[in-house]
Amino acid sequence: MERVPYLLSTGDPRANLIWGNRKSLSYVYVELTNRCNFGCEYCQVDIDKYKDMDVQTITGIIDQLCDLDVFELRLGGGEPLMYNDISDVVKYAKSKNMFVWLCTNGYFFSKETASRLKSSGLTGIRISIDSTVPVVHDNVRKQEGAWIKCLDAIFNAKLFDIEVVISMTIGSHNIDEYNQMCEFARTHNCQMSSHFIMPKGKGISFPKFDKKKATTIIDDLHGEKYCVAATDTIYIDVEGRVSACSFLKPTASVHDMTIEEILKSSEMKKFSKPIGGDKCAKCKYGKISFCPISNICRGGCWVKHEK
């Protein structure tokens, strides 16, 4: 049965209700490799040693996700285009009738790569861009010419009718140009997604911005503005360890339990429940009898709560 395309979440809370109302996970992010050609100043991936996920593990994960009716697979890293069997993984997931996205820095997304992955069944790329100013992007990414490679990647994707989402990780280096990035995305006929730098990896020590600045853009933030951890998505790292989101500690491994068992475990279910406390009283929706976003917001961010 062919799956029906869905609308990515937007800045409008009402449009995000799809995430809170699904009966199964909407998408799963899998870290195919922790290898990367960049050295981003705020990188949130903790690396002890470089490793790739073996083919047997990723195909087993895809089989389980298909059984669970998960309709989107996001392949990331590290940089997923440094994974040797990337075309085979995309092709296998597509054979299971899944939408397949790459979360990439765009550096290796050549015309030839775009053509090959489109033939394999790739739906789209989520390309990380930090700034509309080339030197700012290149400096943060620690890679000269990285910005122009992003433009090439967008062009190559469009050439083969591959969808493009510009993913902006917001920090002190770029928060003042958020609106410019949104306009950049519109100009290049791309969707826009964004989130703030989280306290993990190098992100812990990355220079903080004035929190008041966040309030100027939060209502217009494009992407998953509200928590979807453990209810609509999970994260699986290169070792096969499963977390409610990429910024939380793993709760179990696919090598020890099935994904369905992990989702039903008390450790994972903890993150599907509201955090509670006085957070709701501070929300702009206030204390009302029926909150339109309670099933997706759930009282705030578990990562920050756990810290």
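Helices (H or I, at least four residues) and strands (E, at least two) are DSSP runs, numbered from the N terminus. The structure described here is a predicted model, in which local features need pLDDT of at least 70 and side-chain atom pairs count only at pLDDT 80 or more, while totals for chains, interfaces and linings use all residues. Residues are numbered from 1 along each chain as its sequence is written, and side-chain values use heavy atoms, with hydrogens and water left out.

Most residues other than glycine have a negative phi, and most peptide bonds are trans. Against that background, N189 stands out with a positive phi near 55°. N189 is placed in the loop between α7 and β6 (191-196). With a relative accessible area of 61%, N189 is exposed (buried means under 20% relative accessible area, exposed over 50%, and partly exposed in between, with a 1.4 Å probe and protein chains only). A230 also has a positive phi, near 70°, and belongs to the loop between α8 (211-215) and β7 (233-236). A230 is buried, its relative accessible area being 13%. The peptide bond from G77 to G78 is cis, with omega near 25°, and G78 lies in the loop between β2 (72-76) and α3 (86-95).

Aromatic rings come next. A pair of aromatic rings is described by the distance of the centres and the angle of the planes. Rings of Phe, Tyr and Trp (its six-membered ring) pair if their centres lie within 6.5 Å; planes under 30 degrees apart count as stacked, over 60 as edge-to-face and the rest as tilted. By this rule there are six aromatic pairs. In one of them, the ring centres of F38 and Y107 are 5.8 Å apart and the planes meet at 80°, so the pair is edge-to-face. This pair links distant parts of the chain, 69 residues apart: F38 is in the loop between β1 (27-31) and α2 (55-67), and Y107 is in the loop between β3 (99-104) and α4 (111-120). F38 is buried, at 10% relative accessible area, whereas Y107 is partly exposed, at 22%.

Another pair is formed by W147 and F184, with centres 6.2 Å apart and planes at 50°, so this one is tilted. Here too, distant parts of the chain are linked, since W147 sits in helix α6 (residues 146-159) and F184 in helix α7 (residues 178-187), 37 residues apart. Both count as buried, W147 at 13% relative accessibility and F184 at 10%. Ring pairs also join F38, Y107 and F108 into a cluster.

A charge sits over a ring if NZ of Lys or CZ of Arg is within 6 Å of the ring centre and within 35 degrees of the ring normal. The charged end of R74 sits over the ring of Y27, 3.7 Å from its centre, and K149 lies over the face of Y107, 5.0 Å from the ring centre.

Helix α5 (residues 134-141) has H137, D138, V140 and R141 buried. These residues cover an arc of only 165° around the axis, which puts them on the same side of α5 (the arc is that of the directions from the helix axis to the C-beta atoms). The cover over the buried residues of α5 includes β4 (124-128) and α6. After α5 comes K142, with a positive phi near 60°.

V140 is also one of the residues that H173 touches, along with Y42, D130, V136, I197 and F206, not counting residues up to four places away in sequence (contact means heavy atoms within 4.5 Å). H173 is found in the loop between β5 (163-170) and α7. The side chains of H173 and D130 make a polar contact at 3.1 Å; such a contact is a pair of N or O atoms within 3.5 Å, where, within protein, one must be able to donate a hydrogen and the other to accept it, and residues adjacent in sequence count only if both atoms are side-chain atoms.

Leaving out residues up to four places away in sequence, V30 touches several residues, including M53, I58, I61 and L75.
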